[in-house]
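Please look over the sequence and the structure first, then read the points below.

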Amino acid sequence: MENKPWTILRILNWTAEYLDQKGIESGRLNAERMLGHALGKRRLDLYLEYDCPLAPSDLTAYKSLLRKRTSGLPLQYVLGETEFFSLPFSVRPPVLIPRPETEMLVQAALDRLRGMEGPLWVADIGTGSGSISVALTAHLDAVTMVATDCSEEAIALAGENARRNGVSDRITFLRGDLLSPLESLSFVNGLNAILSNPPYVRTDEWDALPPEIRDHESRMALDGGPDGLLFYRRLAESVGQYLAPNGFLSVEVGDGQAEAVQEILRGEGGLSKIEIIEDLNGIARVVVASR
Ligand SMILES: C[S@@+](CC[C@H](N)C(=O)[O-])C[C@H]1O[C@@H](n2cnc3c(N)ncnc32)[C@H](O)[C@@H]1O
């Protein structure tokens, strides 16, 4: 990477080709995001200043990001942040990187909660980076949340993200197994909604996951047991005692799981008025069920 001066455009072009050769998808976008991060510039500024040579210290910082990316670390972990529901989130391994499809779960919850009288109490089970809780509280003042996760790293990161987005006074993060941290709180039949994006990958699918996921994101965040449905069954067993009479449970599901999850929520969960929400590709992504 030496010889001629490294201008912004030259390094973008070079990196895009290099990442493509390495089999990393969207090489140019990756290059833009990493260079923007190293230089503290927006994407547009990179192109407005395309002919600027990089200072040696910036080049060193950029090379360090590039090395991490080519080692297979997901871009979001390389940058240490991502966007979810148009809000900034810090991310670091092994806590799951928030996925765009989970924004549907947040939107569906917002749509329903906006029609209810406040104050509203909502639980987020398996909060990870805190994405669902933070996005929901940031968009709806009437909401106060309790969010759980069994992972210590997740609870710490979720708290950071709540502070980063100015909503930490309305979210309580508790470490523990699914809804059990709620036992000590007086939530019996008091929650307007329970939301969860639980682990739902089948155990036998683990080895076939892309290495970027398998090698860096926690198995605990993804493995949903032999049929991928373990956590829906466990949630179904306990949500009834926490939901308010008009409350609802809303869960994200994996491709092809919606029908089975619907049956679990109806059967073991005793829930009704089930609605399945599809994403833009026609894949059923969210199942909502009411008491
Ligand atoms: C698929 S990730 C979802 C993370 C986040 N809600 C999101 O949508 O980006 C599932 C989360 O559930 C947590 N988890 C797994 N088993 C759990 C359990 N028994 N009790 C509580 N949380 C659990 C994992 O640590 C992980 O953060």
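**Two packed helices, then the rest of the chain**

Helix 10 and helix 11 are roughly parallel to each other, because angles under 35 degrees count as roughly parallel and theirs is about 25 degrees. The model is predicted.

**Helix 10 and helix 11**

- Helix 10 covers residues 230-239 and helix 11 covers residues 258-266, and their axes are 9 Å apart.
- The crossing of helix 10 over helix 11 is right-handed.
- On the helix 10 side, the contact involves Tyr-232, Arg-233 and Ala-236; on the helix 11 side, it involves Val-261, Ile-264 and Leu-265.
- Val-261 is also listed among the residues with the most contacts inside the largest nonpolar core.

**Helix 6 and helix 7**

- Helix 6 (residues 102-113) packs with helix 7 (residues 131-139) at an angle of about 40 degrees, and 10 Å lie between their axes.
- Helix 6 passes helix 7 in a crossing that is right-handed.
- Helix 6 brings Thr-102, Leu-105, Val-106, Ala-109 and Leu-110 to the contact, while helix 7 brings Ser-131, Ile-132, Ala-135, Leu-136 and His-139.

**Domains and core**

- Domain 1 spans 8-71 and domain 2 spans 82-290.
- Taken over C-alpha atoms, the centres of domain 1 and domain 2 are 34 Å apart.
- The largest nonpolar core holds 79 residues, and Val-122, Ala-123, Ile-194, Leu-249, Val-261 and Val-287 have the most contacts inside it.
- This core lies between domain 1 and domain 2, because both domains give residues to it.
- Leaving aside residues up to four places away in sequence, Val-122 touches Leu-136, Val-143, Met-145, Leu-191, Asn-192, Ala-193 and Leu-195.

- Leu-178 has a positive phi of about 40 degrees, although it is not a glycine.
- Leu-178 is buried, because 20 other C-beta atoms lie within 10 Å and the cut-off is 20 or more.
- Leu-179 is buried too, with 22 other C-beta atoms within 10 Å.
- Leu-179 touches Ile-125, Ser-238 and Tyr-242, not counting residues up to four places away in sequence.
- Between Leu-179 and Asp-149 there are 9.1 Å, C-alpha to C-alpha, and the two residues are 30 residues apart in sequence.

**Other backbone details**

- Most residues other than glycine have a negative phi, and most peptide bonds are trans.
- Lys-273, a residue other than glycine, has a positive phi near 45 degrees.
- Lys-273 sits in strand 8 (residues 272-278).
- Lys-273 counts as exposed, because it has 10 C-beta neighbours inside 10 Å and the limit for exposed is 12 or fewer.
- The peptide bond that joins Pro-93 and Pro-94 is cis, with omega about 5 degrees.
- Pro-94 is in the loop between strand 2 (87-90) and helix 6.
- A second pair, Gly-118 and Pro-119, is joined by a cis peptide bond with omega about -5 degrees.
- Pro-119 is in the loop that runs between helix 6 and strand 3 (120-125).

How values were computed
Residues numbered from 1 in each chain as written. Predicted model: local features only at pLDDT ≥ 70, side-chain atom pairs only at ≥ 80, totals over all residues. Domains from an automatic or database assignment. Core = buried A, V, L, I, M, F, W, Y, C linked by C-beta atoms within 7 Å. Contact = placed C-beta atoms within 7 Å. Axes fitted to C-alpha atoms, helices over the stretch in contact; angles between N-to-C directions. Helix = DSSP H or I, 4+ residues; strand = E, 2+ residues; numbered from the N terminus. Parallel < 35°, antiparallel > 145°, perpendicular 65-115°, else oblique. Left-handed = near helix turned anticlockwise from the far one by under 90°.
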